[in-house]
Amino acid sequence: TIAPLSTMLPENKEISLGKYYASTLGISSLLLQNACVGDEDDVSYSQHAIEGINKKSSSSFSMTGLTGSTNGHFGVSSHSGDVKWRRVQ
C-alpha cells in the first residue's frame, strides 16, 4: 500500500506520522509530497525525512559511537526543536 505524506510540517511531524503509517497502519510505501521541487533543500530534506522515518531509535536523543575517549564528547547528541528549511521560511 502507498500513502501520500505531506512534507516540511511544523515540528517535523512528518517523521512521526510516517512512522505511525508504517508501524500501526501497515503502509509499506510513502510518497513524500513536494519533497523535491528543484531548490537547494531537495537533497538534504529528502535525506532527513527518509532517515528519520526509517530510524528505529529515539527522535529526541541518540548516542553514537562512544568516542569520548578520543574527542571528549562521548558521542552524545540531542535533537530538539524544528529543523528550519529555507523553502518554508
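1. Some ground rules: residues are numbered from 1 along each chain as its sequence is written, and side-chain values use heavy atoms, leaving out hydrogens and water. As the model is predicted, local features need pLDDT of at least 70 and side-chain atom pairs count only at pLDDT 80 or more, while totals for chains, interfaces and linings use all residues.

2. Helix α1 (residues 13-23) packs with helix α2 (residues 42-54) at an angle of about 45°, the axes being 8 Å apart. Helices here are DSSP runs of H or I with at least four residues, and strands are runs of E with at least two. Axes are lines fitted to C-alpha atoms over the stretch in contact, with angles from 0 to 180 degrees between N-to-C directions.

3. On the α1 side, Glu 14, Ile 15, Gly 18 and Lys 19 meet Tyr 45, His 48, Ala 49, Gly 52 and Ile 53 of α2 (contact: heavy atoms within 4.5 Å). These contact residues divide into four nonpolar, three polar and two charged, with Gly counted as polar and Tyr as nonpolar.

4. Do look at Met 8, in the loop between β1 (2-6) and α1. Met 8 is not a glycine, yet has a positive phi of about 55°. Its relative accessibility is 12%, so Met 8 counts as buried (under 20%; exposed is over 50%, using a 1.4 Å probe and protein chains only).

5. Asn 34 sits in the loop between β2 (29-33) and α2. Asn 34 also has a positive phi, of about 60°, without being a glycine. With 58% relative accessibility, Asn 34 counts as exposed.
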